Amino acid sequence: MRYCGIGNDQKAFGKFRFIDLFAGLGGFHVALSRLGGVCVLASEWKTHLSELYHYNHGLKPFGDVSKIDVNSIPTHDVLAAGFPCQPFSKAGEQLGFSCTKQGALFFDVVKILSIKKPKYFILENVPNLLHHNEGKTWREIQEQLNGLGYNILAEKLSPHHFGIPQTRERVYIVGSTQSLESFRWPEACHGPTSIESVLDKFPLDAKPLSSQVIECIDVWDEFIKLLPKNCELPSFPLWSMEWGASYPFENETPHARVLSLGEKGLLGFCGSHGRALGRLRGLEARWNALPSHARTEQLQFPEWKKNYIRQNRQFYSKHKEVIDGWKAKILKFPSSLQKLEWNAKGGEKNIWSYVLQFRASGLRVKKRNKAPGLVAMTDTQVPIIGWERRYMTPKECARLQSLDVLSKLPDSPIKAFEALGNAVNAQVVELIASSLISCDE
């Protein structure tokens, strides 16, 4: 499957050699081999992915990259590495280089670059890498790579920039021992996209929705249909637990009140879904009746959280009559299912018409033009094709990552979704690599 800016006549180069670190499913391998590259070493520490890489690409990867004898690595022209992103992701603890398990793996890449000195490299990571630790992590990366004699550039790109129906922004870092003056990042195209271009029609291997998922979607669908016809659903996330809550959040937090007033600090307030905290016995019971996002040991909430709480309480005040008649139906679901993100502005009020996804932040509703960004998903976080009432299949998700050329994916759907969520998009890499390798010709 080829998209705008990526034609079958994509420029091929004379044979060049590359290594593929943290290889996973081999997105870099697919991209660079299309341009004439020959992989001379791959590294992947997960056994099932290593075996799959061997099956798909005909090369048995080395295991742990930190245990490779760098001097034994074959000479190569391009180093490619999607080094582990978890230490830098907003979704994690953001331990960065201090994460002993994964954060230090960047320095293994540096070691290889310093000894083998390939002409080019392409690195990929989460966008937050550029801002992690107030920018200190990115400055350290720049200093390390510049210190080895590389000119470097970085850019945030997403597959949807190039006609691929997936929003998944990643930062790409390119480096060359030569000038990058003539290098150009691939030019975005702005044509329409549709997730339906990667879908099969009612595939037999699609995981069906559980009864809880169907019921939860139905409950939220009922809610949006109860709202006045002229009510435009807001762009901020709807947190039903804030509808009726009155605990302090603007100038102090529940934690701050408990610190100053002790067990009586939460008396007189309402917690999640308007539950009166004064009717509960003991501080622990009152604390647990607060929304989970309010049960933090902070003296002040961050501004984004204050904004969401304020907006939800204002929304409740405006639609109190409708909400009070409905909200008992949402109480039976876990906290993560009690939140709704409506990303279908201007669309019809029928949740089953959209692409859906359950995340920790709630039920996301998106138009059919793009899929949510694939992450290292559990099988319950896989995008849902609402109009067919099913989850996407691994094969369809592989198309979103431009990896539908692979002969085989992991046998377990859970492992397949995890691997695809960690993969680089092969066609985006191909565009970048084509420009990089030709920039000094």
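Which residues of strand 9 lie on one side and which on the other, and are they buried or exposed? Val355, Gln357 and Arg359 face one side and Leu356 and Phe358 the other, and all of them are buried, where buried means under 20% relative accessible area, exposed over 50% and partly exposed in between, with a 1.4 Å probe and protein chains only. The model is predicted, so that local features need pLDDT of at least 70 and side-chain atom pairs count only at pLDDT 80 or more, whereas totals for chains, interfaces and linings use all residues. Residues are numbered from 1 along each chain as its sequence is written, and side-chain values use heavy atoms, with hydrogens and water left out.

- Strand 9 covers residues 355-359, and because five of its five residues are buried, the strand is largely enclosed by the rest of the structure; strands (E, at least two residues) and helices (H or I, at least four) are DSSP runs numbered from the N terminus.
- In a regular strand the side chains alternate between the two faces of the sheet.
- Strand 9 pairs with strand 10 (residues 362-366) in the antiparallel sense over five bridges, and a hairpin of two residues joins strand 9 to strand 10; two strands count as paired if DSSP finds at least two bridges between them.
- Strand 9 also pairs with strand 11 (residues 384-385), again in the antiparallel sense, over two bridges.

**Leucine 356**

- Leucine 356, which is found in strand 9, has a relative accessible area of 0% and is therefore buried.
- Leucine 356 stands opposite valine 365 in strand 10, and in strand 11 its bridge partner is isoleucine 384.
- When neighbours within four places in sequence are left aside, leucine 356 is in contact (heavy atoms within 4.5 Å) with Ile217, Ile351, Leu363, Arg364, Val365, Val382, Pro383, Ile384 and Gly386.
- The C-alpha atoms of leucine 356 and serine 317 are separated by 27 Å, the two residues being 39 residues apart along the chain.

- Six strands form an open sheet in the order 2-1-3-4-6-5, with mixed pairing; its edge strands, each pairing on one side only, are strand 2 (37-42) and strand 5 (151-157).
- Neighbouring strands of this sheet are turned by 20° against each other on average, direction ignored, with axes taken as lines fitted to C-alpha atoms (for helices over the stretch in contact) and angles running from 0 to 180 degrees between N-to-C directions.
- Strand 4 (residues 120-125) and strand 6 pair in the antiparallel sense over six bridges, and asparagine 125 has valine 171 in strand 6 as its bridge partner.
- Helix 1 (residues 27-34) packs on the sheet, where it touches strand 1 (16-21), strand 2, strand 3 (78-81) and strand 4, and its direction makes about 170° with that of strand 1.

**Histidine 255**

- Histidine 255 lies in helix 6 (residues 254-261) and counts as buried because its relative accessibility is 16%.
- Apart from neighbours within four places in sequence, the residues in contact with histidine 255 are Trp287, Thr296, Glu297, Gln298 and Leu299.

- Most residues other than glycine have a negative phi.
- Phenylalanine 202, although not a glycine, has a positive phi of about 45°; this residue lies in the loop between strand 6 (170-176) and helix 5 (211-226) and counts as partly exposed at 47% relative accessibility.
- Arginine 389, likewise not a glycine, has a positive phi of about 50°; its place is in the loop between strand 11 and strand 12 (390-391), and at 42% relative accessibility it counts as partly exposed.

**Cavity and pocket**

- On a 1 Å grid over the protein atoms alone, a cavity is a set of points where a 1.4 Å probe fits but cannot get out, a pocket is an open set with protein on both sides within 12 Å along at least five of seven lines, and lining residues have an atom within 4 Å of a point.
- The largest cavity has a volume of about 40 Å³, and its lining consists of Val65, Ser66, Ile68, Val70, Asp108, Lys111 and Ile112.
- The second largest pocket holds about 160 Å³ of space, and of the 13 residues that line this pocket, Ser272, His273, Asn288, Ala289 and Leu290 are the closest to its centre.

Key. Grid points are joined across faces, edges and corners, and a volume is the space filled by probe spheres set on the points.
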